[in-house]
Amino acid sequence: MSSESADLHPAAEKRAGGCPFDFRAPLRLSARLTLPGRAVLSPLQGVMTRTFMQAAARLDLIPLWFTPFFSTGGVSVPKRAAILRKLAPYRVRPDLPLVFQLIGHDARSLSATAAGFAEYGVQGINLNFACPSKTVTASGNGAYLLRSPETVFELTQAVVEAVPDGVSVSVKLRAGWDSPDHIREIVRAVCDAGADWIVFHYRTAKEMYSPVDASERVRRIACAVEAAGNVPVFGNGDITSCADAEALVRSTGCAGVAVGRGFLSDPWLVRRILSGDANPASEAEKSAFLRLLLAGTDSTKRGRNWFLECVKMTYGADSVEFREARECDWGALRARWAES
Ligand SMILES: Cc1cc2nc3c(=O)[nH]c(=O)nc-3n(C[C@H](O)[C@H](O)[C@H](O)COP(=O)(O)O)c2cc1C
């Protein structure tokens with residue numbers, strides 16, 4: 001055994017050196033939810049607007065809707081009209097399975113909200129214990145809850161018990177609040193509570209999006225995979241190519257990958273990973289997506305800022321494209337992206 005493979009999780013070791021990982025293999029999680037493949041688009045609150053969803057659907061870029069979080073706002077339970085409003089954008093492709101993400105810290109409101117969404121046909125509920133944003137954690141939500149694996153257990157269990165049989169309950173986790181030392185405990189808590197799928201981001205909340213050593217990324221995801229046992233873990237964080245995705249499943253033993261920001265720099269990335277297409281995104285592909293985004297955006301300050309954020313995520317904050325776009329007024333933006 002090489003010193004490199006000596007560090008591999010047993011599931012990863014089985015994979016090393018074998019056939020390419022089959023990202024196209026469906027994964028049955030519950031009677032209602034089968035993931036069509038082993039790569040999904042990770043939720044992006046504020047970026048995944050109705051326009052974004054329509055563009056992704058039109059270009060057939062994703063195999064599953066995995067929504068940004070819906071906040072239960074403390075103890076409230078949304079009314080039927082609010083649930084239907086939230087579900088409406090996803091009706092553009094009703095054939096895609098829908099996993100709806102909730103964020104909150106009150107078991108009663110989370111479980112009643114989950115049951116409400118389940119009643120309207122969602123295939124899965126995902127609980128967000130991962131968001132590190134200060135506004136979210138200051139109200140005791142998202143990654144703040146990782147400080148207490150017991151609370152994470154109670155909330156997950158309450159939702160598992162509240163939804164009808166067959167609805168999948170999954171969680172999105174980070175590696176911890178301020179230290180990765182409790183990954184095992186946190187992962188065991190959600191598995192023991194009945195979660196059937198975990199999306200695991202390797203940084204702690206305090207690390208936000210700062211650089212973490214590549215070997216530490218592997219170690220943390222492999223630790224989550226091992227602790228989860230038979231519950232599938234999708235690794236998340238900084239996946240920008242097919243090769244990254246393949247390397248991650250091989251080195252950690254994870255069951256699949258969730259792609260976040262990399263989707264903007266290559267809108268075909270999830271599709272590419274699923275089909276094993278190692279080509280990088282072409283300029284034409286990036287433009288095709290941005291063109292659709294701009295076409296669905298209005299000329300308000302908000303619309304313009306949102307589009308600029310998408311250009312930034314596509315090309316990078318220091319890119320010529322972003323700098324130029326920032327200088328453009330609305331007409332020039334239209335002309336620039338209509339032409340490309
Ligand atoms: C703008 C933005 C919004 C996000 N919104 C959500 C969200 O609503 N729910 C969630 O679980 N994660 C959210 N995330 C986290 C991403 O899904 C993902 O876990 C994170 O960006 C790391 O993956 P990446 O390196 O592939 O981007 C968000 C991230 C960003 C940058």
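In which sense do β5 and strand β6 pair, and over how many bridges? Select residues 124-129 together with β5 and you will find a parallel pairing over four bridges. Two strands count as paired here if DSSP finds at least two bridges between them. Helices (H or I, at least four residues) and strands (E, at least two) are DSSP runs, numbered from the N terminus.

Before moving on, two notes for your selections. Residue numbers start from 1 along each chain as its sequence is written. The model is predicted, with local features needing pLDDT of at least 70 and side-chain atom pairs counting only at pLDDT 80 or more, while totals for chains, interfaces and linings use all residues.

**Stop 1: strand β5**

Now select residues 98-103, where six of the six residues of β5 are buried. Buried means that 20 or more other C-beta atoms lie within 10 Å of the residue's own, with C-beta atoms placed from the backbone. Show the side chains: L98, F100 and L102 point one way, while V99, Q101 and I103 point the other way.

**Stop 2: the neighbours of β5**

Pick F69 and you will see its bridge partner in β5, Q101. Towards β6, V99 stands opposite G124. From β5 the chain then crosses through helix α5 (residues 107-119) to β6 in a right-handed β-α-β crossover. Right-handed means that, with the strands pointing away from the viewer, the path from the first strand over the helix to the second runs clockwise.

**Stop 3: where the domains touch**

Zoom out and colour domain 1 (3-275) and domain 2 (283-337); these bounds come from an automatic or database domain assignment. Their C-alpha centres lie 28 Å apart. The contact (C-beta atoms, placed from the backbone, within 7 Å) takes 13 residues from domain 1 and twelve residues from domain 2. On the domain 1 side, α3 (50-58) and α11 (262-265) each give two or more residues, and α3 provides the largest share, five residues.

**Stop 4: the ligand**

Finally, select the ligand, which 22 residues surround (C-beta atom, placed from the backbone, within 6 Å); the closest are S42, Q45, P68, G260 and R261. Colour this shell by type to find nine nonpolar, ten polar and three charged residues. Here Ala, Val, Leu, Ile, Met, Phe, Trp, Tyr, Cys and Pro count as nonpolar, Asp, Glu, Lys and Arg as charged, and the others, Gly among them, as polar.

Note on methods:
A residue is buried if 20 or more other C-beta atoms lie within 10 Å of its own, exposed if 12 or fewer, and partly exposed in between; C-beta atoms are placed from the backbone. Two residues are in contact if their C-beta atoms, placed from the backbone, lie within 7 Å.
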